[in-house]
Amino acid sequence: MRRNAIIGLLFTVAVALFIVPVVAPPRVAKSPSPAAPAPRTYSVSPGKPLSVKQETFSKHHAVRRDMEATEKLCRLDCSRDMSRFMLEHKSIKDGEKALHLKQAVKEHPHMVTVSWTSGGRTVNAGEAPKELLRTAAKELGRARESLKRGMPYESPSFKYGGKTHFVLAMPDYKRGDGVTALVSTDVVEEVERHQRRNMRLVPYPAEGRYRVESVVPGTNKDKTVRTGEDNGNASHYAVDEVVVKFRQPLKPAELLALRKELSLTVVRHRGQTYLFRSSKYSMNELKNHFAKWNPIFVEPHYLYLTNEIGGDGQTVAKPNDTLYGRYQWNLPDIATEKGWNVTKGKDDMIVAIVDTGVQADHPDLKGRLVQGTNIIDPSKPPDDDVGHGTHVAGIIAAQVNNNEGIAGMTWYTKIMPVKALDSSGAGTTYSVAEGIIWATDHGADVINMSLGNYAQAEFLHDAVKYAYDHGVVLVAASGNDNTDQPGFPAAYPEVFAVAATNADESKAEYSNYGDYIDVAAPGTSIASTYPGSRYAALSGTSMASPHVAALASLIRSANPALSNEEVMELMRRTTKDLGNPGKDVDFGYGLVDVNAAVRSAGGGQPTDAASTGAAGDQIAPGESLLTFPERVRRELQRLLSGG
C-alpha cells in the first residue's frame with residue numbers, strides 16, 4: 001500500500017514539475033550586438049534549405065570572411081607583441097639586447113625580420129630572402145620614415161612566394177627610436193586551404209590518397225566525389241582494411257591461419273575487435289570472408305573528417321584579453337559573461353578534445369593542458385600539425401584576463417589533447433574510437449568531437465557507449481554540408497549534437513540539420529588560438545561544438561552531482577528558442593544559454609521543508625527544478641522494477 005502511495009506522490013510531483021518549462025514566460029529575443037560582425041549571407045527560411053548555388057556562394061563568402069578576420073587578428077596581435085617587446089627590451093642590458101631580440105623572433109616565427117633602434121643603435125634579428133627584402137623595400141623605407149616622425153606605420157598587404165606579408169613600425173618615446181618588423185601572415189593562406197577543405201568546397205579527402213574510397217552512407221555502393229558538394233552524402237573508407245568484432249578473441253593459431261590465407265596485417269587490436277589490412281584483397285572481399293565467421297560485426301574502416309569551415313542587475317565580467325572586445329562576439333551572445341558570476345569552471349574538470357592535437361606551448365594555453373595521447377603515433381606527443389585541435393582548445397580554455405589574445409569560455413577547466421586525426425585532418429574509425437576510450441579511462445568529464453562521417457560504425461558506437469556508460473558527456477559537431485543526412489558520431493543517441501549559428505542568431509548556411517540536433521551554438525568567424533602561437537578566425541560546426549563542451553564542463557563545475565544525461569537535459573531545457581517554436585530541425589531546442597544553464601545547475605528553488613516523504617520526492621540542496629524531474633523518473637523506474 002505504501003509503495004502505491006509513494007508512486008502516486010512521485011508521479012504527481014513529476015507531472016507538476018514537467019509543466020514548469022512549458023509555461024515559463026518566453027524570453028524576448030535581443031537585437032544583435034552592434035560590435036558583432038554582420039556577414040552578407042543568404043537568408044534561410046525554416047524548412048527551405050539553400051540551393052546548391054546559394055550554399056556554395058555562402059561558403060565561399062564565409063571563407064573570405066574568415067581570411068579577412070584572421071589577417072586583422074594577426075595585425076592586432078603583432079602590434080600588441082611589439083608594444084610588449086619594447087617595454088621588456090628597455091630593462092635588458094645592452095650586451096643582451098641582441099639575444100633578447102633573437103629569442104623574440106624565435107618565439108614568433110611569423111615575424112620574419114625585426115629591427116630595434118634605440119639611441120642611434122640598431123639591433124637586427126631574423127633572416128629574409130633577398131628577393132623578399134627587395135619586394136618589401138618600399139614599405140620598410142616608409143616604416144623607418146614614420147619612426148623618424150614618431151608615428152606608427154602599418155603597410156598594406158603584399159605577396160611574396162604565394163604568401164601574404166606586411167610591414168609594421170611601432171615608435172618609442174624618442175623620435176627615430178622604435179621597432180620595425182617584416183611580418184608573414186601566411187596563416188591567412190593556411191586558413192583559406194583549411195576552410196575550403198572543411199567547408200567541403202573541394203573534394204576531401206581526395207580519392208586515391210591513403211587508398212580511400214567513397215560510398216553512399218549505409219551501403220557499399222560506390223560514389224565518386226568530384227566536387228565539394230558531393231561530400232554532403234558520402235562516406236569514406238580505406239579500400240584494403242576491415243574492422244571485425246569476433247564473438248571471442250582469436251586464438252594464436254586462428255590468427256596465424258588468417259594472416260597466411262588473406263595476406264593480413266593486424267593494424268590494431270583491442271579485445272575481440274581487430275583492424276585488418278590486406279595486401280591482396282579488397283574491403284568487400286574481406287567483409288564477405290569474415291561474414292562466414294558469424295562475427296558481432298564486420299564493417300569498413302571509415303574515415304572521419306574535421307567539421308570546421310573554418311540587463312538584470314548582475315555584474316558582468318569583461319575580460320581584458322586583447323582580441324576579446326573587437327572579435328569575440330560569440331561569448332556575449334550566449335551569456336557567458338553573466339554565467340561566470342556563477343562559475344568559471346574548476347581545475348579538476350577535464351574536457352578531452354579528440355582531434356588533430358593541440359599546440360602545447362601556445363602562450364594562451366599555458367597551464368591549461370593535462371597529459372594527452374597521440375593515437376596516430378604513440379611515440380610522439382599529441383602536437384597539432386593541422387590547426388584544428390588548437391583552435392577548438394582555445395574556444396574552451398584559452399586563458400582569460402591575461403592581456404593576451406582571446407578569452408576561452410572557462411577560466412580553469414583543463415584540456416586533454418587526444419590526437420586521433422592525422423596531418424591531413426582526417427582519422428579512422430579505429431583511431432577516433434581508441435581516442436574516446438583512452439580519454440574515458442584517463443578521467444575525461446567531457447569529450448568534444450569536432451569531426452564526423454555519414455556512415456555508422458559499430459566499433460565507434462561501442463566506444464561512444466563505453467564513454468557514456470562511464471558518465472562522460474559526449475558532444476559532437478553535426479557537419480558542414482547543409483544536409484539533413486545524419487552525421488556520426490553526432491547522431492548517436494548517447495551523443496549531444498550541435499548545429500551552428502551566425503552572429504545574428506540565424507542558422508549558419510553550412511550547418512547540417514535534422515531531428516537529431518540537440519542545440520545550436522556560435523560557429524561563424526570564431527576567433528581562437530592557432531599553431532605557431534598565433535590566432536585565427538574559423539567557421540564551422542567544429543567551432544560550435546566546443547562552446548557546448550565548455551558549457552557542459554561549467555555545469556559539472558557548478559553541480560558535480562549531475563549525471564551526464566542530466567547535464568545534457570539541462571542544456572536542452574535552458575536554451576533560447578530560435579526558429580520555429582519548440583524543438584526544430586535547424587536549432588534543436590535552441591541556442592545555448594550559459595547563464596541560464598549554470599544557474600539552473602547550481603541553485604534551483606527548494607521545495608517547502610515540510611514537504612517530506614519518501615526519498616526522491618524532495619529537491620536536494622543544489623539541485624534544480626530542471627533536473628529534479630529526471631531524478632523522479634529514475635526513482636519511479638527503481639520502484640517499479642522492485643529495486
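1. Just past helix α14, Gly 471 adopts a positive phi of about 85°. The model is a predicted one, and the points below should be read as a description of that prediction. Helix α14 itself covers residues 458–469. Its twelve residues reach 16 Å from the first C-alpha to the last, close to the 16 Å expected at 1.5 Å a residue.

2. Which residues of α14 are buried? They are Phe 459, Leu 460, His 461, Ala 463, Val 464 and Ala 467.

3. Two packed helices are described by the angle between their axes and the distance between the axes. For α13 (residues 429–441) and α14, the angle is about 10° and the axes lie 9 Å apart. Angles under 35 degrees count as roughly parallel, so α13 is roughly parallel to α14.

4. Leu 275 sits in strand β10, residues 273–278. With a relative accessibility of 1%, Leu 275 counts as buried. Glu 299 is 24 residues from Leu 275 along the chain, and their C-alpha atoms are separated by 9.9 Å.

5. Helix α12, residues 388–397, is mostly covered: ten of its ten residues are buried. The list comprises His 388, Gly 389, Thr 390, His 391, Val 392, Ala 393, Gly 394, Ile 395, Ile 396 and Ala 397. Gly 389, within this helix, has a relative accessibility of 0% and therefore counts as buried. Beyond residues up to four places away in sequence, Gly 389 touches Ile 353, Asp 355, Thr 356, Gly 357, Val 358 and Asp 384. Of these, Asp 355 is 34 residues from Gly 389 along the chain, with 5.3 Å between the two C-alpha atoms.

6. The loop between β18 (473–477) and β19 (495–501) contains Pro 489. The peptide bond that joins Phe 488 to Pro 489 is cis, with omega about 15°. Asn 482 is placed in the loop between β18 and β19 as well. Asn 482 is not a glycine, yet it has a positive phi of about 50°. Its relative accessible area is 8%, so Asn 482 is buried.

7. A positive phi also occurs at Asn 294, about 55°, although the residue is not a glycine. Asn 294 belongs to the loop between α8 (283–291) and β11 (297–306). Is Asn 294 buried or partly exposed? Its relative accessibility of 48% makes it partly exposed, whereas Asn 482 is buried.

8. Asn 559 lies in the loop between α15 (541–558) and α16 (564–573). Its relative accessibility is 10%, so Asn 559 counts as buried. Asn 559 and Ala 601 are 42 residues apart in sequence, but their C-alpha atoms are 5.8 Å apart in space.

9. How many disulfides does the model contain? The count is zero. A disulfide is a covalent bond between the sulfur atoms of two cysteines. The cut-off applied here is 2.5 Å between the sulfurs. For Cys 74, the closest cysteine sulfur is that of Cys 78, at 4.0 Å, which is too far for a bond. From Cys 78, the closest is in turn the sulfur of Cys 74, again at 4.0 Å. Both cysteines are buried: Cys 74 has a relative accessibility of 7%, and Cys 78 a relative accessible area of 1%.

10. Some totals for the chain as a whole follow. The protein chain has 18 helices and 22 strands. It has 643 residues, of which 57% count as buried. Its accessible surface comes to about 26,700 Å², with 53% of that belonging to carbon and sulfur atoms.

Terms used
Residues numbered from 1 in each chain as written. Predicted model: local features only at pLDDT ≥ 70, side-chain atom pairs only at ≥ 80, totals over all residues. Heavy atoms only, no water. Buried < 20%, exposed > 50% of the residue type's maximum accessible area, 1.4 Å probe, protein only. Helix = DSSP H or I, 4+ residues; strand = E, 2+ residues; numbered from the N terminus. Areas by Shrake-Rupley, 256 points an atom, 1.4 Å probe, with all protein chains shown as cover. Expected span 1.5 Å × (residues − 1). Axes fitted to C-alpha atoms, helices over the stretch in contact; angles between N-to-C directions. Parallel < 35°, antiparallel > 145°, perpendicular 65-115°, else oblique. Contact = heavy atoms within 4.5 Å.
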